[in-house]
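Hi there,

Here is the structure I promised to pass on. Have a look at it first, and then read on for what I found in it.

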Amino acid sequence: MIAIRLVSMKDIPHIQSIAHETWMYTYGSIYTKEYIDTFLSRAYSTENLSRSVERTLQSEKRDFLIAEWNDAVVGYAHTRQVNEEEVELLRIYVRPEFHKMGVGKAFIQEYIHVLKPMKKLFAWVGKDNSIGRAFYEKRGFVQTEEMVETTGGQEKTQIKYELKL
């Protein structure tokens with residue numbers, strides 16, 4: 001059974017583990033291992049995650065969530081409020097063995113419920129990220145624009161997926 005809850009400081013090691021597992025699974029054929037390791041050590045450092053968790057715990061918005069399956073942490077998702085009606089989904093990662101079991105869908109439903117009066121939820125997804133693109137398309141998100149981003153010394157096309165509510 002899936003349970004979605006607010007993040008806590010004790011979740012940091014779980015988030016780091018899931019980030020490593022899902023980034024290798026999702027981006028291993030897109031980016032070099034060196035780039036992924038460098039990115040993860042910076043973006044998912046205990047210090048950076050502690051700041052993110054602390055901001056969430058001090059806010060009225062439930063923007064950093066954890067998914068549990070039978071009490072085991074299996075995923076996390078994080079948003080940021082762009083304006084009163086628009087929210088960006090920054091991170092949504094679920095352990096690969098729990099893909100297609102409704103965890104990602106549960107995150108989206110929870111955000112729709114708790115981030116009212118949101119009118120639009122969007123995410124930037126790498127064009128090469130077939131796993132992410134399929135997830136958003138299945139959930140009713142539509143492509144609205146593209147941009148080229150230089151990441152790890154490589155140019156990569158990012159696609160903006162939007163869900164209007």
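Let me begin with Lys156, whose place is in strand β7. Keep in mind throughout that this is a predicted model.

Is Lys156 buried or exposed? At 12% relative accessibility, Lys156 counts as buried, because the cut-off for buried is under 20%. Its charged end sits over the ring of Tyr31, 5.4 Å from the ring centre. A polar atom of the Lys156 side chain also lies 3.3 Å from the backbone oxygen of Ile30. If you set aside the neighbours within four places in sequence, Lys156 is in contact with Ile30, Tyr31, Asp128, Met147, Val148 and Glu149.

Gln158 is found in strand β7 too. With a relative accessible area of 8%, Gln158 is buried. A polar atom of its side chain lies 3.2 Å from the backbone nitrogen of Gly126. Beyond the neighbours within four places in sequence, the contacts of Gln158 include Tyr31, Trp124, Val125, Gly126 and Lys127. Glu145, Glu146, Met147 and Glu149 are also among them.

The charged end of Lys160 sits over the ring of Phe122, 4.3 Å from the ring centre.

Now to the aromatic rings. A pair of aromatic rings is described by the distance of the centres and the angle of the planes. Counting rings whose centres lie within 6.5 Å as pairs, the model has 13 aromatic pairs. One of them is Tyr27 with Tyr31, a tilted pair at 6.0 Å centre to centre and 50 degrees between the planes. Both Tyr27 and Tyr31 are buried. Another pair is Tyr136 with Tyr161, which is stacked, at 6.0 Å centre to centre and 20 degrees between the planes. What does this pair tie together? Tyr136 lies in helix α5 (residues 130-138) and Tyr161 in strand β7 (residues 154-164), so the pair links parts that are 25 residues apart in sequence. Tyr136 counts as buried at 6% relative accessibility, and Tyr161 counts as buried at 0%.

Next, the strands. Strand β2 (residues 64-69) and strand β3 (residues 72-83) run antiparallel and are joined by 6 bridges. Phe64 has His78 in β3 as its bridge partner. The two strands form a hairpin with 2 residues between them, and Asn70 in the turn has a positive phi of about 50 degrees. β3 also pairs with β4 in the antiparallel sense, over 8 bridges. Here Arg80 has Glu88 in β4 as its bridge partner, and β3 and β4 form a hairpin with 2 residues between them.

How do β4 and β5 run? They are parallel, and 3 bridges join them. Glu88 turns up again here, with Phe122 in β5 as its bridge partner. Of the 7 residues of strand β5 (residues 120-126), 6 are buried, so this strand is largely enclosed by the rest of the structure.

Within strand β4 (residues 86-94), Leu90 is one to look at. Leu90 is partly exposed, with a relative accessible area of 41%. Leaving out the neighbours within four places in sequence, Leu90 is in contact with His78, Thr79 and Arg80. The C-alpha atoms of Leu90 and Phe64 are separated by 9.7 Å, and these residues are 26 apart along the chain.

Finally, a helix. Helix α4 (residues 103-114) has 12 residues and reaches 17 Å from its first C-alpha to its last, close to the 16 Å expected at 1.5 Å a residue. Its buried residues are Val103, Gly104, Ala106, Phe107, Ile108, Glu110 and Tyr111.

Terms used. Residues are numbered from 1 along each chain as its sequence is written. This is a predicted model: local features need pLDDT of at least 70, side-chain atom pairs count only at pLDDT 80 or more; totals for chains, interfaces and linings use all residues. Side-chain values use heavy atoms; hydrogens and water are left out. Rings of Phe, Tyr and Trp (its six-membered ring) pair if their centres lie within 6.5 Å; planes under 30 degrees apart count as stacked, over 60 as edge-to-face and the rest as tilted. Buried means under 20% relative accessible area, exposed over 50%, partly exposed in between (1.4 Å probe, protein chains only). Helices (H or I, at least four residues) and strands (E, at least two) are DSSP runs, numbered from the N terminus. A charge sits over a ring if NZ of Lys or CZ of Arg is within 6 Å of the ring centre and within 35 degrees of the ring normal. Contact means heavy atoms within 4.5 Å. A polar contact is a pair of N or O atoms within 3.5 Å; within protein, one must be able to donate a hydrogen and the other to accept it, and residues adjacent in sequence count only if both atoms are side-chain atoms. Two strands pair if DSSP finds at least two bridges between them. The expected span of a helix is 1.5 Å times one less than its number of residues.
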